[in-house]
Amino acid sequence: MKFKKTMAAIAAGALSVTLGAFALAGCGISGEEYTFEAEAAELAGQGLVMGTTPGSASVSNPSAYKVYGELADDTVVGVENFNSAGQSITWTVTASSACKAELTFWAASSVMFFNQEDNSVGLVEIDMAATEAYKLTCNDTEADLKGKLPGAKWADWSGMQEPGAWWDLGKATAIIDLKEGENTIVFEIVANVEGQNSAGLNVDKIVIKAPAELK
């Protein structure tokens with residue numbers, strides 16, 4: 001009987017911890033959504049322009065863009081030539097109170113591949129949870145991004161001229177801890193995507209859902 005009571009107590013304790021964690025997570029990701037554009041952030045480091053010439057990331061206003069393969073009706077402004085280790089994008093976010101928040105990172109893969117078997121070309125799909133090419137930190141604490149940025153396969157090189165070909169946006173999300181006051185959020189390239197010669201992204205924005213007021 002004593003053994004059964006002990007096991008029951010352990011089970012009850014585990015359930016309490018689990019429910020508490022769910023309650024905390026639920027509290028942390030409720031609230032309003034706030035958008036912070038990449039072109040308004042601080043850009044650092046040197047990448048490659050057109051794959052060959054050293055240069056900094058720059059603001060881009062493509063004539064068309066997609067979201068997971070579907071052409072959008074409006075326009076987008078973002079950051080391109082963001083493709084090499086050492087490059088980073090830094091956002092400064094001020095929170096009215098400390099809280100957990102959900103960050104959504106919006107970007108498009110610009111990592112090219114060439115298939116010698118059928119001469120097809122395209123862009124590599126990037127699994128943000130699996131790759132070690134990127135690092136996201138909030139106040140120097142690393143956060144795990146989960147989500148895939150879409151790839152593309154074209155029959156030949158003319159595919160890259162299709163509307164929105166280089167701006168097919170996808171998203172990845174992470175839970176971050178914001179403190180009251182100023183927060184520093186950094187997205188950094190630390191290596192090439194595994195098996196590739198680049199870690200190129202065209203970056204649109206981050207969207208943060210938080211119970212605190214952000215600006």
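Student: Is aspartate 204 buried or exposed, and what decides that?

Tutor: Buried means under 20% relative accessible area, exposed over 50%, and partly exposed in between, with a 1.4 Å probe and protein chains only. Aspartate 204 counts as buried because its relative accessibility is 6%. Keep in mind that this is a predicted model: local features need pLDDT of at least 70, side-chain atom pairs count only at pLDDT 80 or more, and totals for chains, interfaces and linings use all residues. Residues are numbered from 1 along each chain as its sequence is written, and side-chain values use heavy atoms, with hydrogens and water left out.

Student: Where does aspartate 204 lie, and which residues is it in contact with?

Tutor: Strands (E, at least two residues) and helices (H or I, at least four) are DSSP runs, numbered from the N terminus. Aspartate 204 is in strand S20, residues 201-210. A contact means heavy atoms within 4.5 Å. Setting aside neighbours within four places in sequence, the contacts of aspartate 204 include Glu37, Val76, Trp106 and Trp167.

Student: What lies over the face of tryptophan 106?

Tutor: For a charge to sit over a ring, NZ of Lys or CZ of Arg must be within 6 Å of the ring centre and within 35 degrees of the ring normal. Here lysine 205 does so, at 5.9 Å from the ring centre of tryptophan 106.

Student: How many aromatic pairs does the structure hold, and how do I read one?

Tutor: A pair of aromatic rings is described by the distance of the centres and the angle of the planes. Rings of Phe, Tyr and Trp (its six-membered ring) pair if their centres lie within 6.5 Å; planes under 30 degrees apart are stacked, over 60 edge-to-face, and the rest tilted. The structure has five such pairs. In one of them, phenylalanine 82 and phenylalanine 187 have ring centres 6.1 Å apart and planes at 40 degrees, so the pair is tilted. Phenylalanine 82 belongs to strand S8 (residues 78-82) and phenylalanine 187 to strand S19 (residues 181-189), so the pair ties together parts 105 residues apart in sequence.

Student: What about the whole chain?

Tutor: The chain has one helix and 20 strands, and buried residues make up 40% of its 215 residues. Among contacts between residues at least 6 apart in sequence, 79% join residues at least 24 apart.
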